[in-house]
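Visitor: I would like to learn how to read a structure of this kind. Please take me through it feature by feature.

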Amino acid sequence: MLIRYKGQEVVERRYSAFKGPLAVAPMFLKTNRRIEALITVICLALLIFCLVERSVRRALAGTPP
């Protein structure tokens, strides 16, 4: 349980990236379907961002993918 709690910081740091240079204007969604779609898009964008970051870190460290 303690390991998962300590890992929470990584997730929060990832979401803070959307508050920085990737910030977007506020949106007002009226249906649950649109809210779910937006959350899905945000999660996919975050996943791609993390994968790119990992690739760059590995390339800088000189380890093979």
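Predicted model: local features only at pLDDT ≥ 70, side-chain atom pairs only at ≥ 80, totals over all residues.

Visitor: How many helices and strands make up the secondary structure?

Guide: There are two helices and zero strands. Helix α2 covers residues 32-61.

Visitor: Which residue follows α2?

Guide: Gly62 follows the helix, and its phi is positive, near 85 degrees.

Visitor: How many salt bridges does the structure hold?

Guide: The general idea comes before the case. Side chains of opposite charge can pair when their charged atoms come close. The cut-off is 4 Å between a side-chain nitrogen of Lys or Arg and a carboxyl oxygen of Asp or Glu. This structure holds one such bridge. Glu53 pairs with Arg57, with 3.2 Å between the closest N and O atoms.

Visitor: Where do Glu53 and Arg57 lie?

Guide: Both belong to helix α2, and they are four residues apart, about one turn of the helix.

Visitor: Is Glu53 buried, partly exposed or exposed, and what about Arg57?

Guide: Glu53 has 21% relative accessibility, so Glu53 counts as partly exposed. Arg57 is exposed, because its relative accessible area of 54% is over the 50% limit.

Visitor: Which residues form a nonpolar patch on the surface?

Guide: The patch consists of Met27, Leu29, Ile35 and Ile39, which together have about 340 Å² of accessible area. One of them, Ile35, lies in helix α2. The relative accessible area of Ile35 is 35%, so this residue is partly exposed.

Visitor: How many disulfides are there?

Guide: A disulfide requires two cysteine sulfur atoms within 2.5 Å. By that rule the count is zero.

Visitor: How exposed are Cys43 and Cys50?

Guide: Cys43 is partly exposed, with a relative accessible area of 37%. Cys50 is also partly exposed, at 21% relative accessibility.

Technical notes:
Residues numbered from 1 in each chain as written. Heavy atoms only, no water. Buried < 20%, exposed > 50% of the residue type's maximum accessible area, 1.4 Å probe, protein only. Patch = residues over 30% accessible without salt bridge, like charges linked within 9 Å, V, L, I, M, F, W, Y side chains within 5 Å. Areas by Shrake-Rupley, 256 points an atom, 1.4 Å probe, with all protein chains shown as cover.
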